[in-house]
Amino acid sequence: KPGMKREKNRFEIYKRNAFYNAIENYYYNHRQETMWGLLFQGFVICQILYVFFQWIIIRRKEYLYYFFYLLIILLFFMSKQGVYSGGSFLFSRHPIWSVYLDGSLQIAPHFLYYRFVRYFLEIGQNHSTLNKWMIRTEYFLLAYLVFDFLLVTMTFNVALQTRIFAYVISIVFIITAVFIFYLLMKKQTFIYFVLLGSLAVGLGNILGVVFTFLMFNEHLQIHINNTLIFSEIGIVIEMILITVGLSYKNILIEQEKAITQDNLIMQLKANQLLNS
């Protein structure tokens, strides 16, 4: 068409030694982000194993949901950083997955995190109305995952999928903010661990989006090749806070058990004195 430039596909042919040198130079120039990516994935794997073994010992549902939450987080970042592990993970051989999983691996953690929070904060026992609304939100997220899969496989309309995904994420963010505000008004003890962890993840995601926009739309040089690092730092902070919260809850539960046992012993002694 007039006024439009015609772009041509570029193919580069390497000799074997030149190809190996190009790969070596790439890893050398990106060694810092490669090292950080491996450290991040290693940290998440260690956290997954810790939570899994804690679930085996304690058998509380919040550990199980948090385990699957971390597992999907790991899969998402491995898919984005496949170069660190020597190849594209999940997305290499089936292009359709690169469209669907890119959204689903961001929505599924929200569903699992809702489940984790409900059991961690004991919403069902303490706030029945809020519990019902959180369950409805979980069903909404599951329904969207199915809808997104059907949309991608039947229409292949990536632009529409991206737009709907942005709306869904915005709705979930608003709903989550309302839930957190409600729990803060009720002065729930463990909400501060969830709140600070969520703020860390949210701030990391926002910074990643902002710097990505500045790099690709405003063409600003910020000397940060991997903008996912902001989300990764936020997730690391969130994992530390949640681990501390889980440990603190375990301590309180053990203290309550000890107090209950002491009261039972005192009651038995009192009954023996009355019967003697």
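Visitor: Which residue lies over the face of Trp55?

Guide: That is Arg59, at 4.3 Å from the ring centre, where a charge counts as over a ring if NZ of Lys or CZ of Arg is within 6 Å of the ring centre and within 35 degrees of the ring normal. This is a predicted model, in which local features need pLDDT of at least 70, side-chain atom pairs count only at pLDDT 80 or more, and totals for chains, interfaces and linings use all residues. Residues are numbered from 1 along each chain as its sequence is written, and side-chain values use heavy atoms, with hydrogens and water left out.

Visitor: And what lies over the face of Trp133?

Guide: Arg136 does, at 4.7 Å from the ring centre.

Visitor: How many aromatic pairs are there?

Guide: The structure holds 17 of them, counting rings of Phe, Tyr and Trp (its six-membered ring) whose centres lie within 6.5 Å, with planes under 30 degrees apart called stacked, over 60 edge-to-face and the rest tilted. In the pair Phe52 and Phe67, the centres are 5.3 Å apart and the planes stand at 40°, so this pair is tilted. Because Phe52 lies in helix α2 (residues 31-58) and Phe67 in helix α3, the pair ties together parts that are 15 residues apart in sequence.

Visitor: Is Phe67 buried or exposed?

Guide: Phe67 counts as buried, at 14% relative accessibility, whereas Phe52, at 29%, counts as partly exposed; buried means under 20% relative accessible area, exposed over 50%, and partly exposed in between (1.4 Å probe, protein chains only).

Visitor: What about helix α3 itself, how many of its residues are buried?

Guide: In α3, 14 of the 20 residues are buried, so this helix is largely enclosed by the rest of the structure. Helices here are DSSP runs (H or I, at least four residues), numbered from the N terminus.

Visitor: Which residues do ring pairs link into a cluster?

Guide: The cluster consists of Tyr66, Tyr69, Tyr113, Phe116, Phe120, Phe190, Phe193 and Tyr248. Two of these residues are buried: Phe120 has a relative accessible area of 1%, and Phe190 has one of 10%.

Visitor: New topic: which helix has the lowest mean pLDDT?

Guide: Helix α1 (residues 16-29) has the lowest among the elements, at 64, while helix α6 (residues 128-155) has the highest, at 90; pLDDT is the predictor's confidence in each residue, from 0 to 100. Over residues 1-9 the pLDDT is below 50, and beyond near neighbours in sequence this stretch has zero contacts in the model, a contact being heavy atoms within 4.5 Å. Where pLDDT is low, the predicted coordinates should not be read in detail.

Key: Helix = DSSP H or I, 4+ residues; strand = E, 2+ residues; numbered from the N terminus.
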